[in-house]
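Let's take a guided walk through a protein model together. Keep the sequence and the 3D view side by side, and look for each place as we come to it.

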Amino acid sequence: MTSPVDDTLATTALITKLAREELVDMVPYQSARRLFASGNNEQANSKTWLNANEAPGQGQYQLHSENINRYPDFQPQALLNAYSNYCKLPIENILATRGADEGIELIIRSFCRAYQDNILICPPTYGMYAISAENHGAGIISVPLVNTREAKCQLDLEGLKQQVGKVKVVFLCSPGNPTGNTLPVAQIQSAIDIFKDSAIVVVDEAYYEYTNEELGAEQVNNKLISQCDNVIILRTLSKAFALAGLRCGFTLSNTDVITLLSKVIAPYPIAAPVAEIASKALTNDLSIMQARVNAANHLREQLSEWLKQQKWCSDVFESDANFVLFRCNNTDDKNNVFNFLVEHNILIRDQSKQQQLENCLRISIGSEEEVTRLKQLLETL
Ligand SMILES: *Cc1c(COP(=O)(O)O)cnc(C)c1O
């Protein structure tokens with residue numbers, strides 16, 4: 001008889017032999033929760049989570065379960081109508097997904113042949129583009145963001161031109177995570193033009209609601225979709241709508257793209273309770289969302305000003321989102337700030353392993369109380 005330990009080893013050897021080789025050593029996405037998993041809800045609740053760009057506070061939602069024995073619609077009508085009304089695009093241009101993350105994955109699976117095609121990313125940027133690409137076997141080409149005399153973290157348009165014909169999908173993030181800045185519309189338009197015959201340009205707008213341009217930006221984006229064949233916009237309810245736990249996002253594009261992605265998505269991606277809560281958030285609760293965004297923007301400006309005055313802080317990035325990225329003088333200062341907060345149960349995100357972000361940390365804008373406590377603590381450092 002083999003002991004349980006031997007069984008485990010035998011299983012591991014078998015699975016390692018059978019698994020796709022490149023997945024064996026792959027490191028899964030280090031989600032904010034995984035990094036500080038306590039396994040225990042009470043402990044989790046005693047922590048202050050300022051590391052995943054979640055919005056503070058929770059809404060009140062009532063669920064109806066009359067039809068829960070039935071499969072939901074492939075794309076729940078009420079939800080599409082609600083988002084259509086919100087984003088001012090027809091429902092034919094909208095695909096509801098399990099978070100914007102599922103949109104990223106669907107796009108890569110729909111356009112990139114495994115082990116043949118590449119995506120393009122502009123680091124420092126959101127980690128899931130590369131993870132989804134690796135998972136699917138798509139290659140990754142990086143054209144890093146550049147600092148110009150006028151502004152930090154801009155697109156390297158010359159660098160992008162050199163990749164024409166070598167990539168199928170280009171991921172732009174605006175406002176950028178973790179950098180925080182909105183890309184000028186002219187730069188996004190240039191990227192779309194550069195790749196107009198050869199690649200899809202995805203504009204990830206997870207933080208769209210926090211940008212100050214408001215309605216003007218909406219019309220620009222609608223124009224991009226109607227005038228360019230190769231544009232996809234990603235949105236989510238996880239940030240400004242304070243519904244990260246719901247898992248609901250939207251992919252906006254022309255009808256050809258939406259039809260294509262519909263062939264790849266799961267048959268019932270949106271659970272009935274998800275559709276119900278999301279529809280309500282998008283109709284009755286828009287003023288609550290707007291108030292939440294205004295409060296976060298105000299707190300962010302205060303926090304940025306405060307950070308600039310701290311002696312361990314050498315640089316604060318401009319942000320149009322619900323977080324602030326800043327650089328510490330050196331690795332010791334960075335570790336001191338991060339670890340001191342962890343000791344006091346406040347979790348922020350270490351971004352220092354990203355290209356160009358040596359000694360950088362990112363703080364999500366939580367509630368006013370949470371941000372105040374963070375500042376008070378750090379003043380005793
Ligand atoms: C949070 C985030 C997402 C993922 O959003 P979900 O809808 O929760 O999957 C996508 N892109 C960026 C840039 C993000 O920061």
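In which loop does Asn-345 lie? Asn-345 sits in the loop between α14 (331–343) and β11 (346–347); helices here are DSSP runs of H or I with at least four residues, strands are DSSP runs of E with at least two, and both are numbered from the N terminus. Before we go on, please note that this is a predicted model, in which local features need pLDDT of at least 70 and side-chain atom pairs count only at pLDDT 80 or more, while totals for chains, interfaces and linings use all residues. Residues are numbered from 1 along each chain as its sequence is written, and side-chain values use heavy atoms, leaving out hydrogens and water.

Most residues other than glycine have a negative phi, and most peptide bonds are trans. Asn-345 has a positive phi, near 65°. Asn-345 is also partly exposed, with a relative accessible area of 30%; buried means under 20%, exposed over 50%, and partly exposed in between, using a 1.4 Å probe and protein chains only. Arg-247 is not a glycine either, and has a positive phi of about 60°. Look for Arg-247 in the loop between β7 (231–236) and β8 (249–252), where Arg-247 is partly exposed with a relative accessible area of 35%.

Now for the peptide bonds. The bond from Pro-123 to Pro-124 is cis, with omega near 0°, and Pro-124 belongs to the loop between β3 (118–121) and α7 (128–136). The bond from Asn-177 to Pro-178 is cis too, with omega near 15°; Pro-178 is in the loop between β5 (169–173) and α9 (185–194).

Next, find strand β7. Is β7 largely enclosed or open? 6 of the 6 residues of β7 are buried, so the strand is largely enclosed by the rest of the structure. In a regular strand the side chains alternate between the two faces of the sheet. In β7, Val-231, Ile-233 and Arg-235 are buried on one side, and Ile-232, Leu-234 and Thr-236 are buried on the other. β7 pairs with β6 (residues 200–204) in the parallel sense over 4 bridges, where two strands count as paired if DSSP finds at least two bridges between them. β7 also pairs with β8 in the antiparallel sense over 4 bridges. Leu-234 of β7 is the bridge partner of Asp-204, and the bridge partner of Leu-234 in β8 is Thr-251.

Of the 13 residues around the ligand, Ala-100, Asp-204, Thr-236, Ser-238 and Lys-239 come nearest; to count, a residue needs a heavy atom within 4 Å of the ligand. A backbone N or O atom of Ala-100 is 2.6 Å from a ligand oxygen atom, and a polar side-chain atom of Ser-238 is also 2.6 Å from an oxygen atom of the ligand. Arg-247 has a side-chain N or O atom 2.7 Å from an oxygen atom of the ligand.

Note on methods:
Polar contact = N/O pair within 3.5 Å; in protein donor to acceptor, adjacent residues only side chain to side chain.
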